[in-house]
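I set out to record, entry by entry, what I looked up in this structure.

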Amino acid sequence: MSAVPQNERFHSNRTPSTWRRVLSPTGNTGDAIFRVLMFLVALLMVGIVVAMVIALSADSLLSIRQFGFAFLRSQQWDPVKGEFGALPFIYGTVASSLIALLISVPFSLGIAIFLVEQAPHYISRPVGFLVELLAAIPSVVYGLWGIFVLAPFLRNYIEPALASVLGWLPLFKGTITGIGLLTGGIILAIMVTPIISAVVRDVLAAVPGSQREAALALGATKWEMIRVVLVNGAPGIAGAVILGLGRALGETMAVTMVIGNRPQISLSLFEPSYTIASAIANEFTEATGDLYLSALVELGLILFLVTFVVNGIARVLVWNVTRKTGGVGRAA
Amino acid sequence: MSVPKKGFQLLASVCALVALVVSLACNPGGGAGGPGGTVSLHGAGATFPNPLYQKWLSEYEKLQPNIRIDYQSIGSGGGVKQLKEQTIDFGASDPPMKDEDLKSAPGEILHIPTVLGAVVVTYNLSGVNQTLKFSPDVVADIFLGKIKKWNDPRIAADNAGVTLPANDITVVHRSDGSGTSAVFTDYLSKVSAEWKEKVGSGTSPSWPVGLGGKGNEGVTGQVKATPNTIGYVELAYAIQNKLPVAHVKNAAGNFIEPSIDSVTAAAAASAANTPEDLRVSITNAAGAQVYPIASYTYVLVYKDQKDAAKGKAIVDFLWWAIHDGENYAKPLLYAPLPADIVRRAEVKINSVTSGGKPLRSS
């Protein structure tokens, strides 16, 4: 509401009635109604977020009182004995999303650069359409494909190869089953790639053609010109990555079907793991007992916070990058 | 001035719409005594009997067009919770309710068994065509992670003449909270002291080893797609999907193939020592032809019904379900109740009252 009186001052001598002035700085009733409606819509959004945090906190009070901060540190998750700890789920959520981004970001950038800068129109249109189509596939379909196609493929070809070449690393030790953290990360990567590449494509397309022409005119090669475009689009690209990260953190069905659903922290990418969203989806329906239910709701609260913190970190990174590269972009 | 006028009209119509929606949402519909004397009942709970319950509801509606019943398969835990909060008219659960849940409920709750289910051990072992046999302690130790190889001498001892590969066993269990897991771990707790102490029984136990699959289809998917795996699923699901199913040694020492008849036999064999309230675990039941990993599934109702019309509809439906309804069980691969238990369930249904008056005999 604070923005309204400021504007109102400019027009204070034109309209007589006070309430009307507050509602309608321009003296147009339609504008006033529109303004109030839009404000309410925006307020509703904030209200929903606040209401969710309050509801989650209230319902997890029992678990918060019982375990305190130990809930975040404990690795025990044993509903039968009534011991609950969130650490393996937090680890699984963050690790699978990071693997997804590590794989997906280079691919997405490549796809977008090719579509915008290099591909002729008769290729870029259908390929762009296909990439967007991938984003519309329901996640349970990705999950089934993951169980029946991806997991056997990884088990038979990729994981044995990784184990034989990089087996000296703790990351690639353990029994090869095709189900585990790596598979979860890869399926997430496949799911977020269309989102990231579609947004990056739009960002690159929005970089003014004059930037490219200027770079080429100064004698830049095509690769150097693309670098200029990328630097110009950096904030948008970072935004695309954050969008993808958001999807990866919250994705449930597809990950559940291939990650192995075991609350443990293991360095090996071949070992089964568990994500917060999967745990809630898996256990909520049959959660008997108030403490169990409360612990699951607290997991939801933690997922909320993890998403918040990770997004916050990402935004700070973006801000840093854009501050540094803003000058370069302008110079080019 | 035409623009603001339109704006007001729009606003007015939006307000009218909102008011309409709010008034509809606040209207306490769905109660007894709707138009034409229709009674509507809401039930929720276990997912395992859902296909049968849906069949029952559609058949029963043909017989009693004035009674509308819907059933949401939200899981046993959710069914118990909603029944305690009295947001539904009847609940359903695979495991019987715990004592503390019964105590904290706002009224006395009756358990009416409807059908029986069983949990079977399935596996994927390439090169082995014979049906595998397991002793109870072997199953427990495989799921405890103590038996690690398929050619372990203890597995071989039960399967003379089968050439077992020297591969690692990969255990697959349910990752979602499930009555199937509750029955399976209840059985393992009865046959293995170590299981009982280390893991115990419940809908989501802390599994010592293995991968988690979501739902029967998730476990089946991982077992089918991964060689050298062992897992457990519902009997009906295993039969429908023609999975390899192990024979398990029962308390009498016989290896029994899981089937609808051997499951009903488990209930019949344990009928004599079933308590008055019918809350009972029938895993590891005594009897020569009994399959040992079986359980009841229950409908849960309050003994004293607040609304006589609704209460009458519930008891009539339940009466139909445990008599005529049982005929639909076998085609849908559920094991029907043995005659002894039907008689004892009748007593329970007859004991439901509303305002002190029995509903059934009226």
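This is a predicted model: local features need pLDDT of at least 70, side-chain atom pairs count only at pLDDT 80 or more; totals for chains, interfaces and linings use all residues.

**Domains of chain A**

Residues are numbered from 1 along each chain as its sequence is written, and chains are lettered from A and ligands numbered from 1 in the order in which they are written.

For the contact between them, I found 10 residues of domain 1 of chain A against 12 residues of domain 2 of chain A; two residues are in contact if their C-beta atoms, placed from the backbone, lie within 7 Å.

On the domain 1 side of this contact, α3 (29–59) and α4 (61–67) of chain A each supply at least two residues. Helices (H or I, at least four residues) and strands (E, at least two) are DSSP runs, numbered from the N terminus. The largest share of that side, 5 residues, comes from α4(A). By class, I recorded 5 nonpolar, 4 polar and 1 charged residues there. Ala, Val, Leu, Ile, Met, Phe, Trp, Tyr, Cys and Pro count as nonpolar, Asp, Glu, Lys and Arg as charged, and the others, Gly among them, as polar.

**Contact of chains A and B**

Chain A gives 29 residues to this contact and chain B gives 32. On the chain A side, I found two or more residues from each of α3, β1 (77–78), α8 (139–166), α13 (253–259) and α14 (276–283). The largest share, 4 residues, comes from α8(A). The chain A side holds 12 nonpolar, 12 polar and 5 charged residues.

**Chain B**

I counted 13 helices and 13 strands in chain B. Of its 362 residues, 47% are buried, that is, with 20 or more other C-beta atoms within 10 Å of their own, the C-beta atoms being placed from the backbone.

**Gly244(A)**

Is Gly244(A) buried or exposed? Gly244(A) counts as buried because it has 27 C-beta neighbours inside 10 Å. I located Gly244(A) in helix α12 (residues 234–250) of chain A. Leaving out residues up to four places away in sequence, Gly244(A) touches Leu101(A), Ser104(A), Val192(A), Ile195(A) and Ile196(A).

Terms used: A residue is buried if 20 or more other C-beta atoms lie within 10 Å of its own, exposed if 12 or fewer, and partly exposed in between; C-beta atoms are placed from the backbone.
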